[in-house]
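Reader: I would like to learn how to read a structure. Can we go through one together?
Author: Gladly. Here it is.

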Amino acid sequence: MVIEEKAYWYQKLNGKIDSEILNLMDSAGNNMWDVVHPSIIDYLYRNCLDLPWTNHVALIAVVKTSYRNYVPTSIKHVIKGLNARFRMLFPVLGLKSMDDWNTDHVYEYITKRVLPEHTDTQRYYFLTMYDPASDMINRFYDNKLDEEKKEKLKKYILPRIYEDFFDQLGKKVISQQKINRKKETDAIVPYYAKLRGEAHFRWNLVSRLRNKYKEVLESMEGQNVRYPVSFHYEENSGDKHYFRLYGSSIICNCT
């Protein structure tokens, strides 16, 4: 325990996370928390302590790191998503403990019985966090723990959801996203030629200015020139544009 007491995760989470989770070992006999990224430890410490799901998200974090070798950004994305949604769901569902949480509550959320103001995309986002996390934790529980450890950790295992929850809502969201994208692109199709012409016109203006700017800089090479330096150029239309250089990378429109 001497080494563990010096570990960053131990200093931050000892006494705040169930010791059964903090003492998880990998197949080589190393503490699984030794490979958890400090940014994940910090997020748990700052945002997930003293909550009904504290140990649940902590278990997800360490298992995703050590057992499945996910990158830190992916792990933090999941625990942040779960933490945020649990904070919204527990008050409206009247829940006080994760002992009361079950898949019926997921179904209530997915079917808009609670938080009806949430979009299908928001609900699907929650499923993309919850479903893989619960599946991974259950696989870890079933395949990697002995019976004694299972008994101690089973209260921190997220219940699996029915696959059709995920599939049905996923298909609906993806279909709606395609419809929305088509509406967005259809809206600009009548103006495409005009937009493209305007884009070319503006690009040519900038290109001519850049060429003139480079020409001025080249003419100043080897000369003892003091800034600011004024220059101008004339368009084919007869319009003149005046500029002033305050340095090799600072230009001001003086028109």
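Reader: Is leucine 153 buried or exposed?
Author: First, the source. This is a predicted model, where local features need pLDDT of at least 70, side-chain atom pairs count only at pLDDT 80 or more, and totals for chains, interfaces and linings use all residues. Residues are numbered from 1 along each chain as its sequence is written, and side-chain values use heavy atoms, with hydrogens and water left out. Now the general idea: buried means under 20% relative accessible area, exposed means over 50%, and partly exposed lies in between (1.4 Å probe, protein chains only). Leucine 153 has a relative accessible area of 0%, so it is buried.

Reader: Where does leucine 153 lie, and what does it touch?
Author: Helices (H or I, at least four residues) and strands (E, at least two) are DSSP runs, numbered from the N terminus. Leucine 153 lies in helix α9, residues 147-153. Contact means heavy atoms within 4.5 Å. Leaving out residues up to four places away in sequence, leucine 153 touches Glu20, Ile21, Leu24, Tyr141 and Leu145. Leucine 59 is 94 residues from leucine 153 in sequence, yet 9.2 Å from it in space, C-alpha to C-alpha.

Reader: How many helices and strands does the protein chain have?
Author: The chain has 11 helices and 3 strands. Buried residues make up 36% of its 255 residues.

Reader: At what angle do α5 and α6 pack?
Author: Axes are lines fitted to C-alpha atoms, for helices over the stretch in contact, and angles run from 0 to 180 degrees between N-to-C directions. Helix α5 (residues 54-66) packs against helix α6 (residues 72-93) at about 165°, with axes 10 Å apart. That makes α5 roughly antiparallel to α6, a term for angles over 145 degrees.

Reader: Which residues meet there?
Author: From α5 come Val57, Ile60, Ala61, Lys64 and Thr65; from α6 come Ile75, Val78, Ile79 and Leu82. The residues of this contact divide into 7 nonpolar, 1 polar and 1 charged. Here Ala, Val, Leu, Ile, Met, Phe, Trp, Tyr, Cys and Pro count as nonpolar, Asp, Glu, Lys and Arg as charged, and the others, Gly among them, as polar.

Reader: Where is histidine 118?
Author: Histidine 118 lies in the loop between α7 (103-110) and α8 (120-144). Its relative accessibility is 8%, so histidine 118 counts as buried.

Reader: What joins the side chains of histidine 118 and tyrosine 109?
Author: A polar contact of 2.7 Å joins them. Such a contact is a pair of N or O atoms within 3.5 Å; within protein, one must be able to donate a hydrogen and the other to accept it, and residues adjacent in sequence count only if both atoms are side-chain atoms.

Note on methods: Parallel < 35°, antiparallel > 145°, perpendicular 65-115°, else oblique.
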